[in-house]
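Hi,

Here is the model I promised to pass on. Have a look at it first, then read my notes below.

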Amino acid sequence: MQVLAGPGSGKTTVIVNRIRHLITEHHIPASVILVVTFSRAAAREMKERFLVQQVPGGRQVTFGTFHSIFFGILKHAYGLKGDQILRDSQRREFLRQLIGKYAADLADDKEFLEDISREISLVKGNGILLENYHSAGCPDQAFRAVYQGYEQRCRQERLFDFDDMLVFCHDLLDQREDIRRGWQQRFQYVLVDEFQDINTI
């Protein structure tokens, strides 16, 4: 089911009441319901609005962001730890060094680093092959060198950025049928808030 409606018209209320309906009317175990959205604040708000209804067993419903849910799956599969998540400051420093090496003539442009960072996320989040992507901010050869250097540095230091959580989880579920089936049984009802904001991955 897809619910299309304007801002403030009650889409989140529909999701909250649908969860209650699944549990109370259809006797679906709360533990197999997953509710996903983009921000921690939105996930927290939905959880609070649902728990106010005091649905029996309702605390077993899983609420989270895409990143928190995917991190949990990767943690379960690979033993991923929180300190392996790349901090924003580390990401900027990695990119600053690589830009200085491969695109030195653009290194003084303050916005350039943020633009390159956004483009890396765009490539990862939409599953674009690097050779098929044409950078808007710098020569393709320079962008590809920065991108590959960034990926190599992350892998060398066993660090994962937020885009990696999506890509790695996608690849894990795509390639490991046993793991995919396990999570399909664990979460049989998936409700997504702000679905229009998802990317390809």
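A quick definition before anything else: I call a residue buried when its relative accessible area is under 20%, exposed when that is over 50%, and partly exposed in between (1.4 Å probe, protein chains only). Helices (H or I, at least four residues) and strands (E, at least two) are DSSP runs, numbered from the N terminus.

On provenance: this is a predicted model, so local features need pLDDT of at least 70 and side-chain atom pairs count only at pLDDT 80 or more, while totals for chains, interfaces and linings use all residues. Residues are numbered from 1 along each chain as its sequence is written, and side-chain values use heavy atoms, with hydrogens and water left out.

**The chain as a whole**

The protein chain has 8 helices and 3 strands. Reading from the N terminus, the order of elements is α-β-α-β-α-α-α-α-α-α-β. Its C-alpha atoms fill a box of roughly 65 × 40 × 30 Å along the principal axes. There are 201 residues, and 38% of them count as buried. The accessible surface is about 12,300 Å² (Shrake-Rupley, 1.4 Å probe; for residues, only the protein chains shown count as cover). Carbon and sulfur atoms own 50% of that surface. As for contacts (heavy atoms within 4.5 Å), take those with a separation of 6 or more: 68% of them are between residues 24 or more positions apart.

**The sheet**

The strands form an open sheet of 3, in the order β2-β1-β3, with parallel pairing. Two strands count as paired if DSSP finds at least two bridges between them. The edges are β2 (62-65) and β3 (189-192), each pairing on one side only. From one strand to the next the twist averages 20°; axes here are lines fitted to C-alpha atoms, for helices over the stretch in contact, and angles run from 0 to 180 degrees between N-to-C directions.

Strand β1 (residues 33-37) is joined to β3 by 4 bridges, and 4 bridges also join β1 to β2. To find your way around, note that leucine 34 has threonine 62 in β2 as its bridge partner, while valine 36 stands opposite valine 192 in β3.

What covers the faces of β2? On one side Thr62 and Gly64 are buried, and on the other Phe63 and Thr65 are buried, so to speak a strand with both faces covered. Helix α3 (residues 66-78) lies across β1, β2 and β3, and runs at about 110° to β2.

At the other end of the numbering, threonine 12 sits in helix α1 (residues 11-24) and counts as buried at 19% relative accessibility. Leaving aside neighbours within four places in sequence, threonine 12 is in contact with Met46, Arg49 and Asp193.

**Salt bridges**

I count 12 salt bridges, each being a side-chain nitrogen of Lys or Arg within 4 Å of a carboxyl oxygen of Asp or Glu. One of them joins arginine 91 and aspartate 161 at 3.0 Å, N to O. That pair links distant parts of the chain, with arginine 91 in helix α4 (residues 88-102) and aspartate 161 in the loop between α6 (140-156) and α7 (162-175), 70 residues apart. Both residues, arginine 91 and aspartate 161, are buried.

Another pairs aspartate 164 with lysine 124 at 2.8 Å, N to O. Here aspartate 164 is in helix α7 and lysine 124 in helix α5 (residues 110-125), 40 residues apart. Aspartate 164 and lysine 124 are buried as well. A network of salt bridges links Arg91, Lys124, Glu151, Arg155, Asp161 and Asp164.

Glutamate 157 and arginine 153 also form a salt bridge, with the closest N and O atoms 2.6 Å apart. Glutamate 157 is partly exposed at 38% relative accessible area, and arginine 153 is partly exposed too, at 26%.

**Cysteines**

How many disulfides are there? The count is 0, with a disulfide taken as a pair of cysteine sulfur atoms within 2.5 Å. The sulfur of cysteine 138 is too far for a bond because the closest cysteine sulfur, in cysteine 154, is 17 Å away. For cysteine 169 the closest cysteine sulfur is again in cysteine 154, at 18 Å, also too far for a bond. Cysteine 138 is buried at 9% relative accessibility, and cysteine 169 is buried at 1%.

Cheers
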